Amino acid sequence: MAQGGGTDRADAAGGAEPAEDADRAGDVDQAGGGAGIHRGREAVFIGGAWRPAATDGTIDVVNPATEQVIGRVPAGTAQDVDAAVTAARAALPGWAATPPDERAAVLGAARDLLAARREEIAATVSAELGAPMAFATAVHADLPTAVMASYAELAAAHPFEERVGNSRVLQEPVGVVGAITPWNYPLHQIVAKVAPALAAGCTVVLKPAEDTPLVAQLFTDILAAAGLPAGVFNLVTGLGPVAGQALAEHPGVDLVSFTGSTAVGRQIGATAGAAVKRVALELGGKSANVILPGADLARAVNVGLANVFANSGQTCSAWTRILVDAARYDEAVAIATASAAKYVPGDRLGPVVNAKQRDRVRGYIRRGVDEGARIVAGGPDAPEGLEAGYYVRPTVFADVEPAMAIAQEEIFGPVVVMIRYEDEEDALRIANGTVYGLAGAVWGADEESAVAFARRMDTGQVDINGGRFNPQAPFGGYKQSGVGRELGAHGLAEYLQTKSLQF
Ligand code: NAD
């Protein structure tokens, strides 16, 4: 079954005029009686309308679980990016001058539409990323909805003006935002940039990851249907080194907000530095799960494995290094070995995003063996019984030394390394001993001892004794994990600049 996708809704909002070709291409298919999957349309969204891209190159979207092509989107070029930035600049004065509570109302409407299209979002992310439906629904659909809700509230409540002595201090939007996002949490990472940018009064050009552009198109329809004025949000799908680079280098962009690899982040930071423009970078991680003596070992190991194997290990903040004291190390390894067996590929554990990523992860597993680490679960071979799909066996390494590549480099797959420490100072040295500092966990006999350890960690976020993810807590990296913060009031601040008036 096919029906005219979200373009109808955009029409209803009065904000979008679908190009004829674009309208035909924007289909929503029913997947085996389940929720509809957005199949993609061969159009970019610029100035409030879906329109054909400047050239006719396309990107095939592949389901990583089946290796089948499920959709097609334009491979936008510098010309499309230029048109999108021009539209965003034209829309900036009007949106920046829109009262915050009116901006909040649009974000609130977007939240409602995200919630209403929950199943379609989950099915689309499940199809283009390979995530199991339960995880796609609970995290890939519901988390961005929660983040959108938090910015609808913040936009209305934030004090955009304050008095400081004889000054009035104004917080004004930074301007046009170029947002470049990865595939691993495709909608969450879009909303974590676009929602605060819109709340602040900025306008946006988004270049989503080439592996997961379908949910980005679906989100575009939602924003149009929420009543966002034309040009405030623009979408150009395309390849990183083409459309992404053109966006990062465009002189009409005031702030580049990037999430992805450290290698590309470094390049974007250098480009932004040369142009003296603002940049926010959310990069990689190699976070430590520190289990202190006296902690609940089984819980710490089991929750730790669940944290890494969720999303097939493709979580930048995953606690991929488990640190255990020498006295309980063997016991912890036995718990992890038994726990890993529950993550059956194809069932509870989805594939990784593409063949390149699968080969990269398996390469790291082989490298770990070559380095002398011991595999206690999983391994580099293909999982049995799966004919298709980019699957990797959930893998646990024991006898890992902190200097090994598998303990230093981000693998971005379902691989955990278990490292033995002698005492707390040793644990701290190991925990802080990588170039990264995005997240982490500490488990202690009591909260106080865990917090005392967490204070000494060089990292942006630490979960204490299994503390839950908070979509309003600032998220971002120390060291080479990035620059700036996303989510909550700290995330909003990234999109504001300050002016003071003296009286
Ligand atoms: P990537 O850096 O290759 O791609 C991320 C985005 O940047 C994509 O949209 C891509 O098209 C674009 N891009 C690629 N080359 C570009 C260029 N030269 N100029 C401008 N844009 C370009 O990363 P990936 O493979 O999509 O994602 C995996 C990596 O991202 C991992 O290392 C992971 O840790 C990191 N990541 C970090 C976070 C975080 O919040 N810190 C979140 C997700 C992913």
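Which helices and strands each supply at least two residues of the lining of the largest pocket? They are α9 (240–249), β13 (255–259), α10 (262–275) and α13 (355–371). Helices (H or I, at least four residues) and strands (E, at least two) are DSSP runs, numbered from the N terminus.

This is a predicted model, in which local features need pLDDT of at least 70, side-chain atom pairs count only at pLDDT 80 or more, and totals for chains, interfaces and linings use all residues. Residues are numbered from 1 along each chain as its sequence is written, and side-chain values use heavy atoms, with hydrogens and water left out.

**The largest pocket**

The largest pocket has a volume of about 1000 Å³. Of the 39 residues that line it, the closest to its centre are W183, F258, G260, S261 and V264. A pocket is an open set of points on a 1 Å grid over the protein atoms alone, where a 1.4 Å probe fits, with protein on both sides within 12 Å along at least five of seven lines; lining residues have an atom within 4 Å of a point. The volume is the space filled by probe spheres set on the points, which are joined across faces, edges and corners.

The lining divides into 15 nonpolar, 16 polar and 8 charged residues. Here Ala, Val, Leu, Ile, Met, Phe, Trp, Tyr, Cys and Pro count as nonpolar, Asp, Glu, Lys and Arg as charged, and the others, Gly among them, as polar.

**Strands and their partners**

Two strands pair if DSSP finds at least two bridges between them.

| Strand | Partner | Sense | Bridges |
|---|---|---|---|
| β9 (residues 167–173) | β23 | antiparallel | 7 bridges |
| β16 (residues 321–325) | β19 | parallel | 5 bridges |
| β18 (residues 395–398) | β19 | parallel | 3 bridges |

An open sheet of 3 strands runs in the order β8-β9-β23, with antiparallel pairing. Its edge strands are β8 (161–164) and β23 (496–502), each pairing on one side only. P173 has L496 of β23 as its bridge partner.

Strand β19 (residues 415–421) is largely enclosed by the rest of the structure, because 6 of its 7 residues are buried. Buried means under 20% relative accessible area, exposed over 50%, partly exposed in between (1.4 Å probe, protein chains only). V324 stands opposite R420 in β19. F397 has V417 of β19 as its bridge partner.

**Cysteines**

A disulfide is a pair of cysteine sulfur atoms within 2.5 Å. The count is 0 disulfides. C202 is buried, at a relative accessible area of 0%. C316 also counts as buried, at 12% relative accessibility.
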